[in-house]
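The sequence and structure come first.

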Number of protein chains: 2
Amino acid sequence: MFEAGVVAGNVRKYLPGVRMQAIVRELIIESAAQLFAEKGCARVSLHDIAALSGVEPAVISELFGSESVLYGTVLETLFSHYAQVAGAAFAGGDKPLAKVGAFAQAFCNLHKQSPYLFTLFYRELLDPSIHFESIVLKNIRHVAYLSDSNFARGIQKDAFRRGVNPAVATMMFVGMFHYYFLAKEQIAGSLLPESVDDEEYIDLALKVFLNGLLKE
Amino acid sequence: MFEAGVVAGNVRKYLPGVRMQAIVRELIIESAAQLFAEKGCARVSLHDIAALSGVEPAVISELFGSESVLYGTVLETLFSHYAQVAGAAFAGGDKPLAKVGAFAQAFCNLHKQSPYLFTLFYRELLDPSIHFESIVLKNIRHVAYLSDSNFARGIQKDAFRRGVNPAVATMMFVGMFHYYFLAKEQIAGSLLPESVDDEEYIDLALKVFLNGLLKE
């Protein structure tokens with residue numbers, strides 16, 4: 001929890017420029033994201049975030065107010081990034097099949113660029129915070145809608161089999177990647193051959209999935 | 001955490017018969033499983049378990065020693081049950097294809113009969129306890145081995161496509177179900193049509209998956 005006595009004017013004192021403030025905000029968000037992902041938001045203190053970011057606790061408090069606001073800012077940053085990157089995979093005039101591949105690639109890239117995103121997502125699924133509906137679900141729903149529409153268009157255009165429910169296709173598709181990333185740290189390494197890395201798994205899984213979906 | 005002063009002889013005092021002891025043990029394990037799943041093992045106290053099970057804290061302490069032992073007993077009970085039920089799907093002389101279907105059905109049944117199993121599994125993946133390797137991973141590995149062997153046999157018998165890595169097939173397969181169950185409470189309801197229940201999802205997902213795997 002955040003300390004009670006926040007020293008007013010600290011931000012001006014420590015961070016004179018607007019640009020410096022933006023840099024420090026980003027530094028705090030990054031450190032907080034790492035800690036929230038690693039330990040879960042209930043087990044992270046302002047002290048932990050200050051220690052990792054190297055920013056004075058009073059400055060963190062003044063920039064973000066409460067820990068819940070900071071946690072919400074972390075979620076908003078990561079999940080709007082997710083919606084943006086995944087959304088880009090469905091933009092443009094490519095065929096539905098190519099867009100499914102682009103979405104899979106985006107998933108893999110996001111895992112590398114934004115490793116805390118998925119961990120925070122799984123934690124939110126197990127223990128939803130007050131930000132779940134307004135941030136997590138809102139963005140997940142947006143991406144799911146784009147993916148559903150893409151599968152529906154593929155079925156309509158006779159590329160994918162009829163009888164496949166687009167929403168089920170989306171859930172299967174993200175499921176086989178989500179579980180891989182959730183399990184990766186702890187078990188995937190001991191269950192998959194060493195030769196199978198992220199790209200290889202995504203490539204092989206995508207092949208079976210698309211094979212099952214494509215019209216002969 | 002468990003209370004320090006455990007009153008010796010409580011079990012004999014409260015639970016005179018061996019059969020009664022077994023019933024009380026089961027009652028405690030059931031209540032503890034529910035609480036560990038709902039709140040995560042770090043946030044469950046002996047008091048919570050006593051309140052839910054209706055068993056005196058001193059009796060719980062005497063029967064299980066420490067909370068970590070009780071947590072380990074809960075995991076062992078649920079995960080050995082998982083290995084047994086999933087293992088049964090791969091037993092017998094059925095064809096590999098039929099066994100994949102039986103495994104999917106077992107997953108669905110387990111979710112209904114043992115709702116805390118999967119939640120505890122996801123919690124262990126995010127925050128592994130000291131029991132992770134010896135209980136969780138041991139049983140998961142056993143089931144994965146059976147599934148891998150079944151896919152390998154299907155490929156060998158020319159039922160499944162060559163070029164599909166059996167371990168990748170297992171991970172995709174469990175992934176599309178694990179994510180559905182993980183997401184179910186919080187989001188699957190808002191992402192899938194109302195008509196799609198557990199059986200329907202498993203049935204549809206299995207069709208696409210097997211379609212992708214089967215040799216034409």
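At what angle do the axes of helix H2 (residues 18-39) of chain B and helix H3 (residues 46-53) of chain B cross?

## Helices H2 and H3 of chain B

The model is predicted. In it, the axes of H2(B) and H3(B) cross at roughly 125 degrees and come within 9 Å. The crossing is right-handed.

On the H2(B) side, the contact is made by B:Leu27, B:Ile28, B:Ser31, B:Ala32, B:Gln34, B:Leu35, B:Phe36 and B:Lys39. H3(B) contributes B:Asp48, B:Ile49, B:Leu52 and B:Ser53. By class, the residues of this contact are seven nonpolar, three polar and two charged.

## Helices H5 and H8 of chain B

Helix H5 (residues 67-90) of chain B and helix H8 (residues 132-156) of chain B have axes that come within 9 Å and cross at roughly 5 degrees. Angles under 35 degrees count as roughly parallel, and H5(B) is therefore roughly parallel to H8(B).

The residues of H5(B) in this contact are B:Gly72, B:Leu75, B:Glu76, B:Phe79, B:Ser80, B:Tyr82, B:Ala83, B:Ala86, B:Gly87 and B:Phe90. They meet B:Ile135, B:Val136, B:Lys138, B:Asn139, B:Ile140, B:His142, B:Val143, B:Leu146, B:Ser147 and B:Asn150 in H8(B). The contact of H5(B) with H8(B) divides into eleven nonpolar, seven polar and two charged residues.

## Chain A: elements and extent

Chain A has ten helices and zero strands. Read from the N terminus, its elements run α-α-α-α-α-α-α-α-α-α. The C-alpha trace of chain A spans about 70 × 40 × 30 Å along its principal axes.

## Relation of the two chains

## The interface

B:Leu126, B:Met171 and B:Tyr179 supply 17% of the area that chain B buries against chain A, more than any other three residues.

The axes of helix H9 (residues 166-191) of chain A and helix H9 (residues 166-191) of chain B come within 6 Å and cross at roughly 120 degrees. This angle makes H9(A) oblique to H9(B). The crossing of H9(A) and H9(B) is right-handed.

Which residues of H9(A) make the contact? They are A:Ala167, A:Met171, A:Met172, A:Val174, A:Gly175, A:Met176, A:His178, A:Tyr179, A:Tyr180, A:Leu182, A:Ala188 and A:Leu191. From H9(B) come B:Ala167, B:Met171, B:Met172, B:Val174, B:Gly175, B:Met176, B:His178, B:Tyr179, B:Tyr180, B:Leu182, B:Ala188 and B:Leu191. The residues of the contact of H9(A) with H9(B) divide into 20 nonpolar, four polar and no charged.

How values were computed: Residues are numbered from 1 along each chain as its sequence is written. Chains are lettered from A and ligands numbered from 1 in the order in which they are written. This is a predicted model: local features need pLDDT of at least 70, side-chain atom pairs count only at pLDDT 80 or more; totals for chains, interfaces and linings use all residues. Side-chain values use heavy atoms; hydrogens and water are left out. Axes are lines fitted to C-alpha atoms, for helices over the stretch in contact, and angles run from 0 to 180 degrees between N-to-C directions. Helices (H or I, at least four residues) and strands (E, at least two) are DSSP runs, numbered from the N terminus. A crossing is left-handed if the near helix is turned anticlockwise from the far one by less than a right angle, and right-handed if clockwise. Contact means heavy atoms within 4.5 Å. Ala, Val, Leu, Ile, Met, Phe, Trp, Tyr, Cys and Pro count as nonpolar, Asp, Glu, Lys and Arg as charged, and the others, Gly among them, as polar. Buried area is the accessible area (1.4 Å probe) that two parts lose on being put together, summed over both. Angles under 35 degrees count as roughly parallel, over 145 as roughly antiparallel, 65 to 115 as roughly perpendicular and the rest as oblique.
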